[in-house]
Number of protein chains: 2
Amino acid sequence: MSELSGKSIIGFRRGEPNVDSFRAVNPLSGEELTPEYYAASEAEVDQAVQLASRAFEVYRQTSPKLKAAFLRKIAENIEGLGEPLVTRATDETALPPVRIRNETARTCNQLRLFAELIEEGSWVDARIDRGDPMRQPLAKPDVRSMLRPLGPVVVFCASNFPLAFSVAGGDTASALAAGNPVVVKAHRAHPGTAELVGLAVSDALRTSDLPEGVFSLLFGRGEDIGMQLVRHPQIKAGGFTGSRSGGQALMHAAAARPEPIPFYAEMSSVNPIFLFPDALREREEQIAIGLHASVTLGAGQFCTNPGLVFLPTGADSAGLIERLKEMMASTAAFTMLTSRISTAYHEGTEALLRNGAVETLVQPDVDRSSCYCGVGAGLFRTCVDSFLADTNLSAEVFGPATLLVTYSDVEQLPDIARKLEGQLTATIHATDAEQDGVNKLIDVIENKAGRIVFNGFPTGVEVCHSMVHGGPFPATSDGRSTSVGTRAALRFVRPFCYQDVPAIALPDELKDGNPLNIWRMVDGELNKAALSDMTFGC
Amino acid sequence: MSELSGKSIIGFRRGEPNVDSFRAVNPLSGEELTPEYYAASEAEVDQAVQLASRAFEVYRQTSPKLKAAFLRKIAENIEGLGEPLVTRATDETALPPVRIRNETARTCNQLRLFAELIEEGSWVDARIDRGDPMRQPLAKPDVRSMLRPLGPVVVFCASNFPLAFSVAGGDTASALAAGNPVVVKAHRAHPGTAELVGLAVSDALRTSDLPEGVFSLLFGRGEDIGMQLVRHPQIKAGGFTGSRSGGQALMHAAAARPEPIPFYAEMSSVNPIFLFPDALREREEQIAIGLHASVTLGAGQFCTNPGLVFLPTGADSAGLIERLKEMMASTAAFTMLTSRISTAYHEGTEALLRNGAVETLVQPDVDRSSCYCGVGAGLFRTCVDSFLADTNLSAEVFGPATLLVTYSDVEQLPDIARKLEGQLTATIHATDAEQDGVNKLIDVIENKAGRIVFNGFPTGVEVCHSMVHGGPFPATSDGRSTSVGTRAALRFVRPFCYQDVPAIALPDELKDGNPLNIWRMVDGELNKAALSDMTFGC
């Protein structure tokens, strides 16, 4: 393993030491970790973007095969980091080693999934409409189009996923797969993890004989270098996972540029769960166990953490609430990722504690004496009327707490859902007999969320072709996209059209012979044929 | 044909007369046309949007078959308007009857193309990843996703396409096809045409037994009702074709909403043409004729009008320039669509006339005595150095004028292209022998435009599956999209994901049996199979 240097990675060079520096903090002990990390200077940020811009001229033309090999080499290098990566990530995040190992595996799987996607190749949505010089009154041109990369992309690392949504995480994988150079802004909570992974990417770049500007990793503050990156004229898109305030500041900066750019910010979601009475009667214990696990998984620090649970009032839910109280009260204290997150959790749960319309069922302990970022699980209850009367109650409390909201009639659920903001997920527990009510609720949820989960829990996002990890504002800044799954390759591209362009100047994807053997839409029909094998004017 | 009433169409009701009214003006005579058109009040705008929002609950669930029949009925009704539509549109725009007839045909063809698209059904990008309850360490969920509509869409009519980009034009067709209600803001230049087409849509809605809120048509000013619509919380997306200032005001309003929405503004493009020396030598006369036709087509009032032509200096282009001068000088005067457009054209060409670095080859006459909106064709010349030194020279002059820019070496072309703003199109004329230079230029153009045209002209946009009529800012506000062709159906949708949702609650597109017989991606493989016919875990 390379020694950590604390310096930004700017193509194949390293940043300079600087008075503007910081250290990672062990969330368990509060102890500062070495080395010192130096914030990239304005000039260094510009260098990274200029390198990316130049690299784009080569990388956008790089064959899918070579790009796939590069992605696989990144995965291999990350796996090669071994235990030192686990140790550093654990020190920086207090996440358990098994979580770091699993997240590393997911990160590598994601990279390989995108490698497969681009090697198969059909994702570019190639379309050909053949010309007809004899058409009257005007000759019909030969028109072909496919998705092409946008240009250098800025990726912001997430605090809560030091690997899967950080340096070589989902956004980086999808941007690189689609042919865009990436400039990563490291998260201040885990710079050492970032540097290790960054060096692994750099090494893969060297081995793959690709231009250095395809990847840079910069340390520094979001409000400084993050803003500079989003406003840089050579940056053409961005991806962010984090707080609502941070995400909104960046998305507005992206929209206010002289040339606005696509900016995908994933910001906040309370991931409501709707429990129907029959389901609760049939599976009370199972739901209690699943809900407790989902609320407390990863100390509740997931974008898909369920922060609101709607359940029937009275006897129908009394058992569940008792079971949840027991489990939440006996849950061991958690170490949050950063003191900022534990403070925010403390403030969020305090606001619930002080709210006259909210009953505290399990009061979260915040014990700084034994653990620097320690917090306890929290369970709160209110009724639908109070919930609807106070928008503060639908604010995200990031951490292992949830608010139970009791309703008196399932007929209320669609109206409740209609009042919610945009969400990443919404979950329903119901039986077949309750399908009528469920259908009415789904009708509303389809306009409020990116994903509906049935008789399950929203945490644990399956990385696959059909996953949608996105949703209407403010869950994300742009609900037309997902940050997980192969649909994410569509974030950093746009269609480009070639009219009567000679074969020699066409990308392989659009050549007559279909040399990449991909699915294409030819004259409106999907096939893998070479044009010479097709009858004209079918 | 229905009598024109001058009132907005708000679902199945009509707007009220109002002191805020206007009349269409015949651009040929300056004469005001009856009837008086009443601007929709704030309350009426809100009514239209509320109706659209309610209608969305039904329309988003309407079967592709019924939506397709609705689109076809609109086309049939528009065709049924016959000569009175041609007369009114001609009176309002001074466009020749043959153009109106062709544009009507294109409008109806577009509606039918979208009807076919949704009836075939595969455009929704249905994806299924089958679950595996036995997977270790965690059961794999059943995950399915497809594209779903966004909600009520505001569509702004374009001055220059009274039919194909207006009430039932491209944006309306794609929004309706995708399952979104539409609120159209009529253009003040052709309200009578708008009302006729609006009534045709309304009638189709009634016949199809769809909720009235699926379509409304409002009269009034962009800065009033247009802004109100873009800012309305129930409006979920928008489409606009028009000026850069208007488009930018609306796109910024869309981005600054508490809940930002996708907004597709097509704004300005000078559509550069690059002429290589060999091509010019081989096809001088053909290029001269084609260029003259493209610059003057529709009085130059097309988004794809070529406003910049790069050509070799000296003897290589002398013949072409002489031919163009002859043709442009003998071109009969044009009637522009509105006095605003003819004034803007006058100002744009005046700026070129006064520019010391620009030579006027054909001075455009602006003759208001014989025609209210009359203008002449204009031809100007400058050299590359002057062009690169003055950004004013790359501003769009909307109308039948073009600026010839002479270069000394084809090696200059990529650098010139790099300095251009985003464009809808870029055109190259070259021979096979010039392919090296062409490739270098294409490399740059792929980042600067939405479409490249080879040995042709950018005007005359083919409506087909592979067309891209879009491009980087400021050609459009969002280069990820096209306003022409079936890819436009992707403007007004987002992916939605169903995890372990019971069959009965799934849309037909995602049901096991594939009842709509569409292409789907199942476990990563594209096919039309029912799940029961597939081996698991292939």
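Begin by selecting strand S6 of chain A, residues 143–149, in this predicted model. Seven of its seven residues are buried, and the strand is mostly covered.

Next, bring in strand S21 of chain A, residues 493–499. S21(A) is also antiparallel to S6(A), and seven bridges connect them. Within this pairing, select Ser145(A) and look across to S21(A), where Cys497(A) stands opposite.

Return now to the loop between S5 and S6 of chain A, and select Pro137(A) there. The peptide bond leading from Gln136(A) to Pro137(A) is cis, with omega near 0 degrees.

Then move to the loop between helix H3 (97–120) and S5 of chain A, which holds Asp125(A). Asp125(A) is not a glycine, yet its phi is positive, near 55 degrees. Asp125(A) counts as buried because it has 20 C-beta neighbours inside 10 Å, and the cut-off for burial is 20 or more.

Switch to chain B and select Asp125(B), in the loop between helix H3 (97–120) and strand S5 (127–129). The phi of Asp125(B) is positive, near 55 degrees. With 20 C-beta neighbours inside 10 Å, Asp125(B) is therefore classed as buried.

Finish in chain B at Pro474(B), in the loop between strand S20 (449–454) and strand S21 (493–499). Select Phe473(B) as well: a cis peptide bond joins Phe473(B) to Pro474(B), with omega about 5 degrees.

Key: Residues are numbered from 1 along each chain as its sequence is written. Chains are lettered from A and ligands numbered from 1 in the order in which they are written. This is a predicted model: local features need pLDDT of at least 70, side-chain atom pairs count only at pLDDT 80 or more; totals for chains, interfaces and linings use all residues. A residue is buried if 20 or more other C-beta atoms lie within 10 Å of its own, exposed if 12 or fewer, and partly exposed in between; C-beta atoms are placed from the backbone. Helices (H or I, at least four residues) and strands (E, at least two) are DSSP runs, numbered from the N terminus. Two strands pair if DSSP finds at least two bridges between them.
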